[in-house]
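Thank you for making time this morning. I would like to walk you through one structure, starting with strand pairing and ending with the chain as a whole, so please look at it with me.

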Amino acid sequence: MRTLAGVDGCRRGWLAAVAHGDGRHELRVFASLAALLSALPADALIAVDMPIGLPERIRGPGRAAEQAARPLLARRSASLFSMPARSAVEAWNGPHGSAAERAAAHARASALARAASEPPRGVSRQGFMLFPRILEIDRLLRADPALRARVFESHPETAFAVLNGAQPMAHPKKHGGRASGPGMAERRALLAAHGVPAALLAAARPAGAGEDDRIDACAMLLVARAIAAGRARSLPEPPERDAHMLPIAIWVPRAPLCSAEETGLEALQTSDGAMMTLLPDTLLSGYRSFVQGRYLQETQTYRALARDGQTPETMVIACCDSRAAPETIFGAGAGELFVARNVANLVPPYNPDGEFHGTSAALEFAVQALKVRNIVVMGHGRCGGIKAALSPGSEPLSPGDFIGKWMSILQPVAETVAANALMTSGERQTALERISIRTSIANLRTFPYIAARERAGELRLCGAWFDISTAELWAMDPETGDFQRPLVDVEDAVI
Ligand SMILES: [Zn+2]
């Protein structure tokens with residue numbers, strides 16, 4: 001694997017959080033950037049909290065990169081200093097022997113900055129303090145163009161805001177010049193949640209680097225990782241270039257995804273100017289609200305599920321019908337239900353004949369791999385599949401008649417119910433919807449491992465029927481096969 005490094009300026013030089021190609025992690029201080037580069041492999045990718053690329057003139061508050069990053073920072077935007085034009089930075093003549101010398105140099109830099117900016121703008125004290133380091137990196141990148149493809153400018157607070165779901169952090173990192181406890185804790189938690197190992201977050205800190213430097217170097221490491229994985233974007237996009245062809249951009253991770261633009265799902269401009277989308281608009285806007293709502297609220301849950309895998313306790317076999325979605329009806333979140341949906345929520349009998357059996361494959365995985373403790377067959381009112389089974393003579397929807405073949409799982413009970421002249425068609429429909437649930441449960445028991453686990457008390461087989469118009473949920477009595485309602489008093493919930 002490629003070596004990645006996140007780098008932040010510190011008292012004694014540069015603090016690097018390094019993820020070595022062999023899997024080791026290291027926190028190390030280098031006296032110079034040149035020393036850091038020569039200590040790492042020649043293809044190491046580095047994200048550094050230091051401006052790269054200096055325009056000849058500045059229009060507005062800082063470089064376009066700072067202007068593009070500031071909206072993300074909102075109330076933390078004071079952490080991002082506006083950089084002046086190259087002439088002001090190059091006027092640095094330190095180190096300065098006295099405060100008066102330094103103040104004079106600062107005044108000179110500010111005058112140059114004002115002359116090269118619209119509207120005229122001086123240099124902040126903090127920005128001025130960065131000049132020697134900006135020049136250090138500037139000289140390296142101008143001397144060796146190959147470095148421009150692997151040394152990237154970033155900014156910790158902007159990266160944190162993106163990782164925090166496009167929101168600035170709740171607490172400042174520093175308070176009155178000192179590290180703030182809550183601010184450091186929330187950043188450390190965010191780094192850990194994004195996979196920064198304890199080897200970096202909890203290791204002894206090298207002399208000459210502060211705790212805030214460690215946090216920032218680790219944030220830069222996440223940016224380096226995102227760039228290496230093609231999961232980063234530049235602010236602005238594409239980067240500007242200065243007169244020496246150095247890129248001018250602040251790089252940030254794309255995740256968590258917070259807009260369709262970042263997912264690449266945004267509308268595409270076709271050559272004739274018409275707009276086309278890669279997915280239907282309703283899906284894109286639904287996805288946007290998912291990411292900004294549920295995903296943001298439950299980011300930790302989603303990450304834990306990604307890391308640890310799924311362990312749902314219940315499998316639901318439901319109909320494809322768009323009005324009977326099990327996750328909605330049972331209020332289930334990510335990782336809670338293992339769902340197989342097919343026409344009319346049928347379970348075919350166990351039949352290992354080498355053919356294509358989607359539902360049986362899902363059952364095999366749920367029972368043998370996930371070891372679910374419950375299987376619920378959920379039917380529903382007004383089921384189109386059941387209706388088709390009750391009118392066997394009707395014309396198939398296509399010559400293949402897949403529905404007719406699939407619904408033949410219910411023969412001969414479907415024929416018996418269809419022939420019952422004493423019932424109305426509505427009664428026949430509801431009756432077959434419920435009989436089909438009992439049939440599916442009987443078919444579940446033909447799978448040897450399901451029957452064995454049920455006998456051992458490790459698996460429960462349940463039936464349920466849902467009516468969309470009243471939101472009634474009826475549950476099957478395992479002894480009698482009768483359906484009882486309602487489990488919850490729906491009327492109480494109606495306002
Ligand atoms: Zn259905």
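Predicted model: local features only at pLDDT ≥ 70, side-chain atom pairs only at ≥ 80, totals over all residues.

Strand β1, residues 4–10, pairs with β4 in the parallel sense over four bridges, where strands are DSSP runs of E with at least two residues, helices are runs of H or I with at least four, and both are numbered from the N terminus; two strands are said to pair if DSSP finds at least two bridges between them. Within this pairing, V7 stands opposite V48 in β4. Residues are numbered from 1 along each chain as its sequence is written.

Strand β4 also pairs in the parallel sense with strand β7, residues 151–153, over three bridges, and there the bridge partner of A47 is F152. Are the two faces of β4 covered or open? Both are covered, since L45 and A47 on one side and I46 and V48 on the other are all buried, a residue being called buried if 20 or more other C-beta atoms, placed from the backbone, lie within 10 Å of its own.

Let me return to strand β1, which contains A5. A5 is buried because 28 other C-beta atoms lie within 10 Å. Leaving aside residues up to four places away in sequence, A5 touches several others, among them A16, L40, I46 and L221, where contact is taken as C-beta atoms, placed from the backbone, within 7 Å. By comparison, A5 and L305 are 300 residues apart in sequence and, C-alpha to C-alpha, 28 Å apart in space.

Next, a helix. Helix α4 covers residues 99–115, and its 17 residues should span 24 Å at 1.5 Å a residue, which agrees with the 24 Å between its end C-alpha atoms; the expected span is 1.5 Å times one less than the number of residues. Its buried residues are H106, A109, S110, L112 and A113. Seen down the axis of α4, these buried residues fall within an arc of 165 degrees, so they line one face of the helix, the arc being that of the directions from the helix axis to the C-beta atoms. What covers them includes α3 (86–90), β6 (117–118) and α5 (125–129).

Finally, the whole chain. The domain assignment, which is automatic or from a database, gives domain 1 (4–255) and domain 2 (311–493), and their C-alpha centres lie 58 Å apart. The chain has 21 helices and 19 strands. Its radius of gyration is 32 Å, well over the 23 Å that the globule rule gives for 495 residues, so the chain is more spread out than a compact globule; the radius is taken over C-alpha atoms, and the rule is 2.2 Å times the number of residues to the power 0.38. Taken along the principal axes, the C-alpha atoms fill a box of roughly 105 × 55 × 50 Å.

Notes
Buried ≥ 20, exposed ≤ 12 C-beta atoms within 10 Å, placed from the backbone. Contact = placed C-beta atoms within 7 Å.
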